[in-house]
Amino acid sequence: MRVITYGTFDLFHEGHRRLLERARALGDYLIVAVTTENFDDARGKLNVQQPLMDRIKNVQDSGLADEVIIEEYEGQKVNDIQKYGVDVFAIGSDWLGKFDYLKDYCQVVYLERTKGVSSTELRNESAGILRIGVAGTGRIAHRFVDEARFVSGVDIEGAWSRNSDNVKLFVDQHELDLAADSYAQLVDACDAIYVATPHGTHVEYAAQAIDAGKHVLCEKPMTLTEAECRRLQEAAEAKGVVLMEAIKTAYSPGFQRMVAVARSGAVGDIRSVDATFTKLTTGEVRELDPEQHGGSIAELASYPLLAIVKLLGEDFIDMRTTSFRPEGSAVELYSRIDFRFPHAVASARTGLGVKAEGDLVIGGTRGYLYVPAPWWKTEYFEARFENQSDNKKYYYKFDGDGLRYEIAEFSSLIRRDERETFRLRASESQWLARVIESARADAHAFG
Ligand code: C2G
């Protein structure tokens with residue numbers, strides 16, 4: 001019986017070794033395919049630390065492979081299985097169901113993945129792996145764990161939420177090691193915490209983790225006031241840990257290139273920025289609950305404000321917020337935050353109860369950049385000019401849900417022992433908190 005398995009095998013750890021052992025036991029000849037850099041890039045796997053040759057050596061040194069090959073293109077598995085006369089395809093259970101299409105060619109076996117590869121007794125072996133704990137088990141937390149699988153060198157260790165039933169479900173579903181009984185237990189078990197709890201509780205949980213000397217990746221808006229933002233940043237600095245606001249757009253390659261193109265004068269001097277993000281929301285949900293800091297500004301304004309601060313900087317002359325709060329709604333359902341900058345104007349529009357075109361338009365003295373919805377997952381934009389033959393189209397890659405980019409950035413900051421990223425500076429997080437705080441306070445509401 002010939003068995004085959006595939007993987008990146010970066011920073012070879014206990015989870016990899018156990019997988020190979022069990023794959024080998026399914027037959028008498030094990031072929032291990034190691035992914036090339038190009039293939040990992042194409043499938044959206046980020047932050048692979050070791051070059052292909054080292055990763056091949058990891059597998060050879062395990063002594064578990066009879067033959068090592070490389071995986072370099074999409075669809076290769078179908079060909080390999082036939083070419084090498086494979087009887088069994090084995091892969092970890094994090095891929096459950098994903099390779100059922102190979103059943104036409106051989107037997108497909110999903111082997112239970114090893115939970116908590118970097119648990120204490122394995123700590124030495126798994127040096128270099130960042131253990132992240134997830135606080136909160138809402139929608140975004142689920143997406144976070146799924147996306148973290150595409151970032152090499154991070155392991156989601158466990159989760160905690162106020163509702164212990166939710167924690168157990170979450171941990172089972174994602175095959176995590178730890179369903180923490182208390183937040184303190186989660187903090188203690190991890191190197192870093194992803195805070196994905198309701199807005200009003202970010203500060204408390206982020207502060208607790210920082211206090212314990214743990215790095216923090218905090219959902220947006222990181223804080224609802226500028227003072228709280230500064231307080232967290234000062235605490236992180238004092239403890240020498242990374243504190244990063246999780247606005248995925250800021251870390252995605254397409255958005256960064258778009259900002260760089262705009263700021264390089266592709267459409268002349270930037271004179272206006274209009275950014276819109278709307279998401280229709282109904283029912284008894286956090287987003288519409290004033291007690292939980294709902295409303296279109298707290299909920300959505302981080303994205304359009306990010307575009308404005310990146311394109312025009314922090315120094316505006318004044319701002320004015322107009323919100324639409326219809327009778328019967330306790331929170332604003334549509335808002336526009338209008339800015340005057342020394343040489344430009346800008347508007348951030350957000351809606352929970354009003355739908356609008358979610359585009360980003362950057363007007364310049366020579367032309368404009370048009371970034372169609374969903375511009376916050378920037379994949380494509382155009383530079384447009386009076387003379388249409390000058391128009392130019394730009395295409396980028398945006399993998400999955402995009403959360404992998406913020407996870408990759410967070411992990412590489414920690415790895416490089418740096419505290420701040422130019423992609424979203426500490427002062428820009430402060431600016432976002434300041435604007436959100438004052439927009440919510442000053443909103444001239446009607447409706
Ligand atoms: N694995 C595991 N337990 C872990 C981590 C990984 O059992 N804690 C398994 C994975 O499920 C996979 C193998 O180890 O079967 C290699 O994992 P990676 O190097 O992360 O590679 P992966 O991204 O899973 O690539 O074509 C490539 C394949 O799709 C797998």
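Start by selecting strand β1 (residues 2-7) and strand β4 (residues 88-92), which pair in the parallel sense over two bridges. Strands here are DSSP E runs of at least two residues and helices are H or I runs of at least four, numbered from the N terminus; two strands pair if DSSP finds at least two bridges between them.

You are looking at a predicted model, where local features need pLDDT of at least 70 and side-chain atom pairs count only at pLDDT 80 or more, while totals for chains, interfaces and linings use all residues. Residues are numbered from 1 along each chain as its sequence is written, and side-chain values use heavy atoms, with hydrogens and water left out.

Now widen the selection to the open sheet: five strands in the order β3-β2-β1-β4-β5, with parallel pairing. At the edges stand β3 (67-71) and β5 (107-111), each with a single partner strand, so one side of each has no neighbour in the sheet. From one strand to the next, the twist averages 25°.

Then bring in helix α3 (residues 52-61), which touches β2 and β3 and makes about 160° with the direction of β2.

Next, click on F9, in the loop between β1 and α1. Phi of F9 is near 50°, a positive value in a residue other than glycine. F9 is buried, with a relative accessible area of 3% (buried means under 20%, exposed over 50%, partly exposed in between, using a 1.4 Å probe and protein chains only).

For a cis peptide bond, go to K220 and P221, where omega is about -20°. P221 sits in the loop between β10 (215-219) and α9.

Finally, select helix α9 (residues 226-239) with helix α15 (residues 426-442): their axes come within 8 Å and cross at roughly 155°. Axes are lines fitted to C-alpha atoms, for helices over the stretch in contact, with angles from 0 to 180 degrees between N-to-C directions. The crossing makes α9 roughly antiparallel to α15 (over 145 degrees; under 35 is roughly parallel, 65 to 115 roughly perpendicular, the rest oblique). To see the contact, show E226, C229, R230 and Q233 in α9 against A426, S429, Q430, A433, R434 and E437 in α15.

How values were computed: Contact means heavy atoms within 4.5 Å.
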